[in-house]
Amino acid sequence: MENNHLISITDYSKEEIFKILDLAAEFERNPNQNLLNNKVIATLFFEPSTRTRLSFESAISRLGGKYIGFTDASSSSVSKGESLKDTIMTVANYSDMIIMRHPIEGSARWASEVSRVPVVNAGDGANQHPTQTLLDLYSIRKTQGTLDNLNIIFVGDLKYGRTVHSLLQAMAMFNTTYHFVSPKELRIPDEYKIFLDRKGLKYHEYRDLNETVNDADIIYMTRIQRERFSDPMEYEKTKNSYVLKNEMLENTKDNMKVLHPLPRVNEIDVNVDENEKAYYFTQALNGVYTRQAIITHILGLKK
Amino acid sequence: MVMNDKKLQVSAIKNGTVIDHIPASGLFKVIKILGLDKLEKQITFGTNLESKRLGLKAIIKLADIFFLDDDINKISLIAPDAKLNIIKDYKVVEKKIVEVPDTITGIAKCGNPKCITNHEGIKSRFTVVNKKQVAIKCHYCEKITDSAHMEIF
Ligand SMILES: [Zn+2]
């Protein structure tokens with residue numbers, strides 16, 4: 001990379017991904033390292049995302065760093081009409097790195113072009129959320145021992161699900177076989193199917209979750225939101241077909257793990273939480289290690 | 001090759017460029033992209049001319065104007081079939097077709113209303129992901145805009 005930012009998962013090569021995952025493994029073994037002593041990290045949340053913000057702030061704190069910022073745009077100068085460029089140029093004077101979440105797509109790329117300190121994208125609208133993708137990759141590699149030749153089932157909102165799109169792109173480097181389970185209205189967009197066709201990768205589409213779970217190495221669950229449906233009847237009809245229940249996991253492979261970017265609503269039955277194949281809470285913990293790895297790697301504190 | 005040009009439907013020029021096979025509906029966008037409204041040379045436009053391939057086409061004749069390939073290729077988004085005749089001393093000395101470039105800066109508008117380029121005054125930037133049925137991918141929001149939804153500034 002010419003500049004040390006993390007904006008899109010597609011900016012990272014396979015080697016860089018492995019570098020981050022190896023570093024994350026090191027932080028998992030030894031989470032408290034005083035590498036950010038005397039460093040100030042800005043966490044700019046132009047829209048609230050408590051989970052992502054706490055994960056970053058935990059990562060910074062475990063590294064002995066300080067953070068400044070805001071938790072939603074209403075408590076910042078943005079509400080007075082300041083442009084993103086002005087906010088970023090100002091905050092870059094106060095900090096060694098900017099971590100930002102913004103509802104507008106492409107905002108993080110633009111910020112990286114005006115900032116003199118590294119920018120990490122913590123989500124830009126429906127576009128990218130690369131630190132989530134890296135923690136997903138970390139969780140997959142940790143549970144499967146490899147990223148190569150896996151069967152991944154993506155379930156739920158595959159149309160708007162940003163985490164699905166980014167993970168799909170990243171996993172395309174590893175000869176993945178994809179299974180897409182979604183209601184008709186929330187199917188995986190054609191542009192991603194074209195992308196997979198070009199890479200020569202196999203994918204299958206299903207309406208029913210029961211059709212496919214037994215072959216899976218990973219089941220990646222996502223939330224289905226009522227407001228995504230143009231027809232509320234359609235939502236009522238389909239919502240229960242995409243709920244993962246304990247009995248559905250009975251004949252799944254021993255190595256299989258269930259992932260979910262969280263927060264969950266009802267798409268995974270709470271009984272599944274006790275199942276040893278449930279991995280989503282550990283996945284969230286892995287997010288802290290992965291973000292420690294990303295921050296220290298970008299700042300050049302870990303070679 | 002015989003380069004005498006008999007079929008052009010507007011009056012001939014001595015030296016310059018003739019841009020032919022522009023879809024009639026795209027003429028004004030081509031004028032805008034090439035900045036012809038700001039030139040002080042003699043320019044002749046013809047539009048709604050019959051064309052077997054395009055239905056109705058437009059033609060532009062520019063006296064004493066020659067384009068760089070990079071500049072002329074910008075019109076490929078609007079007029080992918082455009083042909084250029086370079087005229088010297090009333091004769092066609094060279095024929096060129098336009099090519100879709102690899103990247104496009106500041107001509108097209110990103111079709112994604114939630115894109116930062118539609119919210120702050122930023123020059124749009126795209127990579128061309130399909131040259132046949134032109135489709136462009138935004139450098140910022142990473143969304144693809146196809147030719148049917150493409151808006152030119
Ligand atoms: Zn865009």
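Donors, in what follows, are N, O and S atoms within 2.8 Å of the metal, and since water is not among the atoms, a site may look incomplete. Keep in mind too that this is a predicted model.

**The zinc site in chain B**

Let's start with the metal. The zinc ion is held by the SG atoms of B:C110, B:C115, B:C138 and B:C141, which lie 2.3 to 2.4 Å from it. Read along the sequence, these donor residues follow the pattern C-x4-C-x22-C-x2-C. What arrangement do the 4 donor atoms around the zinc ion make? It's tetrahedral, because the angles they subtend run from 99 to 117 degrees, and four donors get that label if all angles lie between 85 and 135 degrees. For reference, the ideal angle for four tetrahedral donors is 109.5 degrees.

| Residue | Relative accessibility | Class |
|---|---|---|
| B:C138 | 3% | buried |
| B:C141 | 0% | buried |
| A:Y67 | 38% | partly exposed |

The cut-off at work is simple: under 20% is buried, over 50% is exposed, and partly exposed sits in between.

**Helices in chain A**

Over in chain A, helix α1 (residues 14-29) packs on helix α5 (residues 130-144), with the axes 10 Å apart and at an angle of about 70 degrees. So α1(A) counts as roughly perpendicular to α5(A). On the α1(A) side, the contact uses A:I17, A:F18, A:I20, A:L21, A:D22, A:A24, A:A25 and A:E28, while α5(A) brings A:L134, A:L137, A:Y138, A:R141 and A:K142.

Helix α4 (residues 107-114) of chain A is mostly covered, with 7 of its 8 residues buried. The buried set is A:S107, A:A108, A:R109, A:W110, A:A111, A:S112 and A:V114. What do these buried residues of α4(A) pack against? Their partners in chain A are α3 (84-91), β3 (97-102) and β4 (119-124).

**Back to A:Y67**

The tyrosine from the table, A:Y67, belongs to strand β2 (residues 66-70) of chain A. Leaving out residues up to four places away in sequence, A:Y67 touches A:I41, A:T43, A:E57, A:I60 and A:S61.

Technical notes
Residues numbered from 1 in each chain as written. Chains lettered and ligands numbered in written order. Predicted model: local features only at pLDDT ≥ 70, side-chain atom pairs only at ≥ 80, totals over all residues. Heavy atoms only, no water. Donors = N, O, S within 2.8 Å, 3.2 Å for Na, K, Ca; no water. Tetrahedral: all angles 85-135°; square planar, octahedral: opposite > 155°, others 65-115°. Buried < 20%, exposed > 50% of the residue type's maximum accessible area, 1.4 Å probe, protein only. Axes fitted to C-alpha atoms, helices over the stretch in contact; angles between N-to-C directions. Helix = DSSP H or I, 4+ residues; strand = E, 2+ residues; numbered from the N terminus. Parallel < 35°, antiparallel > 145°, perpendicular 65-115°, else oblique. Contact = heavy atoms within 4.5 Å.
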